[in-house]
Amino acid sequence: MATVITTGERAELLQALTQHRGFLRFTAQGLTDEQATTRTTVSELTVAGLIKHVTQVEEKWIDFVLDGPAAMDQDYEEHANGFRMLPGETLQGLLDRYEEVARRTDELVATHDLDARQPLPEAPWFEPGAQWSFRRVLVHLVAETSQHAGHADIIREGIDGQKSMG
């Protein structure tokens, strides 16, 4: 992945996002496609599904930053399939796609106005009329990636004992 040169706040936001992306990617290290789609908890979540989901979430939020709330539109089937590795997909393909999306985000962090705001889409989990800045979107992406990296770590530990830390 090409290195994006940033300083100050941009560098810190990007460093935090990069760190948590690395934790998530680490959970897939050395897994076969079959292992990456193994459920080790009562949840439907798998390592591959989480990587696919986080990729789609990051891509949609960056589209939101550039294009506004319409970029967040998604039907139920698309959302549900965002948690599964579908026939024809591979773990390596999902990781490659994650890298493409990350590269796009990183380039935008270096150039886009962090104060640029977009109105949030209408949804029960957003305050009516609320807006988020690009900065707020990045903080959300760090949290989302971190949360799901933790989920993936628990799932991976159930596969073969590997942990991201400790």
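**Whole chain.** This is a predicted model, in which local features need pLDDT of at least 70, side-chain atom pairs count only at pLDDT 80 or more, and totals for chains, interfaces and linings use all residues. Residues are numbered from 1 along each chain as its sequence is written, and side-chain values use heavy atoms, with hydrogens and water left out.

Display the cartoon: the protein has six helices and two strands, in the order α-α-α-α-α-β-β-α from the N terminus. Helices (H or I, at least four residues) and strands (E, at least two) are DSSP runs, numbered from the N terminus. The radius of gyration is 16 Å, close to the 15 Å that the globule rule gives for 166 residues, so the protein is as compact as a globular protein of that length; the radius is taken over C-alpha atoms, and the rule is 2.2 Å times the number of residues to the power 0.38. Along the principal axes, the C-alpha atoms fill a box of roughly 45 × 35 × 30 Å.

**H1 and H5.** Select residues 8-27 (H1) and 91-111 (H5), which pack at an angle of about 170 degrees with their axes 10 Å apart. Axes are lines fitted to C-alpha atoms, for helices over the stretch in contact, and angles run from 0 to 180 degrees between N-to-C directions. H1 is therefore roughly antiparallel to H5 (an angle over 145 degrees). Contact (heavy atoms within 4.5 Å) involves residues including Leu14 and Arg21 of H1 and Tyr98 and Asp106 of H5. The contact residues divide into eight nonpolar, two polar and five charged; Ala, Val, Leu, Ile, Met, Phe, Trp, Tyr, Cys and Pro count as nonpolar, Asp, Glu, Lys and Arg as charged, and the others, Gly among them, as polar.

**H3 and H6.** Next select H3 and H6, whose axes lie 9 Å apart at an angle of about 175 degrees; the two are therefore roughly antiparallel to each other. Among the residues that meet are Trp61 and Phe64 in H3 and His148 and Ile155 in H6. By class, this contact has 13 nonpolar, five polar and three charged residues.

**Largest pocket.** Finally, show Trp61, Met72, Gln74, His79 and Trp125, which lie nearest the centre of the largest pocket among its 18 lining residues. A pocket is an open set of points on a 1 Å grid over the protein atoms alone, where a 1.4 Å probe fits, with protein on both sides within 12 Å along at least five of seven lines; lining residues have an atom within 4 Å of a point. H3 gives the largest share of the lining, five residues.

Note on methods. Angles under 35 degrees count as roughly parallel, over 145 as roughly antiparallel, 65 to 115 as roughly perpendicular and the rest as oblique.
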